[in-house]
Every structure is written in structure tokens, then in C-alpha cells.
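Hi,

Here is the structure I said I would pass on. Have a look at it, and then read on for what turned up.

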Amino acid sequence: AKTMRLNKVLREFNISLDRAVEFLNSQGHEIEARPTTKISGEIYQVLSDEFQTDKSKKVEAKEVGEEKRKEKESLRLEREKELEDKRKQDEKQEVIRAKSNLE
């Protein structure tokens, strides 16, 4: 059976130490409430069955955040292009000054 540290599993499933320990105790699995506690593959599977939805929510939130970041970046690039085009257009316009003499 593969063992792993509890803190790695907590990060993976996006849950707190207290929540995981409390759930495992309610299922009849006694573990120490320390992040460095090693858990077996069986306990990992129990946590996975219960908290898989939390993991998928974490992944989904990360994807949404990445999507928003890309959208903001594209808007920023578009805005920079508009400003650059406007600056070039302003450079092309010539200033015409009229001079008149009154007699």
C-alpha cells in the first residue's frame, strides 16, 4: 500500500486538516491531527470518495481564474494597440500655422 503525507492530500482536495481528521474519525479511522502524518492508500481512497467534489471545485476555480487572466491580458493588449495607433496618428498630423499681417 502506498503511503503519503496528509498535508499533500489536504492540498490536493482543498480541505482543512480539522475537516479531514473529523471525517476520518467519524468513519472509524484514527489518525493524528498533524499535517506530517502518513496515511495509507485505503485512507486516501476514503478521503477521495468523500472530497472529490472539493477537488473538482478547486480545479474549476483555477480554470476560471486562468480564463479571466487571459481575458484581462487580451483587453490590455488591445488597449495598448489602440493607444499606439492613436499616438502614430497624432504624429502623422501636421500642425498648420497661419500667419497674417495687418496693415
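Before anything else, a word on "contact": two residues are in contact when they have heavy atoms within 4.5 Å. Setting aside its neighbours within four places in sequence, L24 is in contact with H29, I31, I43, V46 and L47. Please keep in mind that this is a predicted model.

Now the overall layout. The chain holds 3 helices and 2 strands, and from the N terminus on the order is β-α-α-β-α. The C-alpha trace spans about 105 × 20 × 20 Å along the principal axes. Its radius of gyration is 30 Å, while a compact globule of 103 residues would have one near 13 Å. Buried residues account for 20% of the 103 residues. The accessible surface is about 8800 Å², and carbon and sulfur atoms contribute 48% of that. As for contacts between residues at least 6 apart in sequence, 67% of them join residues at least 24 apart.

Next, the core. Which residues touch the most other members of the largest nonpolar core? They are L6, L24, I39 and L47, out of 17 residues in that core. Helices α1, α2 and α3 are the elements that give two or more residues to this core, and α2 supplies the largest share, with 5 residues. As a general point, nonpolar side chains tend to be buried together in soluble globular proteins.

Helix α2 is worth a look of its own. Its buried residues are L17, A20, V21, F23 and L24. Where do they sit around the axis of α2? They cover an arc of only 165 degrees, which means they are on the same side of the helix. On the other side of α2 you will find D18, E22 and S26, which are exposed. What covers the buried residues of α2 includes α1 and α3. Just after α2 comes G28, with a positive phi of about 95 degrees.

On to the aromatic rings, where the count is 2 pairs. F13 and Y44 have ring centres 5.6 Å apart and planes at 35 degrees, so this pair is tilted. It links distant parts of the chain, since F13 belongs to helix α1 (residues 6–13) and Y44 to helix α3 (residues 41–92), 31 residues apart. Is F13 buried or exposed? Its relative accessibility is 0%, so F13 counts as buried. The pair of F23 and F51 is edge-to-face, with 5.3 Å centre to centre and 75 degrees between the planes. F23 lies in helix α2 (residues 17–26) and F51 in helix α3, so this pair ties together parts that are 28 residues apart in sequence. Both F23 and F51 are buried.

I15 counts as buried because its relative accessibility is 10%, and the cut-off for buried is under 20%. Apart from its neighbours within four places in sequence, I15 is in contact with L10, A20, F51 and D54.

Cheers

Terms used: Residues numbered from 1 in each chain as written. Predicted model: local features only at pLDDT ≥ 70, side-chain atom pairs only at ≥ 80, totals over all residues. Heavy atoms only, no water. Phe/Tyr/Trp six-rings, centres within 6.5 Å; stacked < 30°, edge-to-face > 60°. Helix = DSSP H or I, 4+ residues; strand = E, 2+ residues; numbered from the N terminus. Buried < 20%, exposed > 50% of the residue type's maximum accessible area, 1.4 Å probe, protein only. Arc of directions from axis to C-beta. Rg over C-alpha atoms; globule rule 2.2 N^0.38 Å. Areas by Shrake-Rupley, 256 points an atom, 1.4 Å probe, with all protein chains shown as cover. Core = buried A, V, L, I, M, F, W, Y, C linked by side-chain atoms within 4.5 Å.
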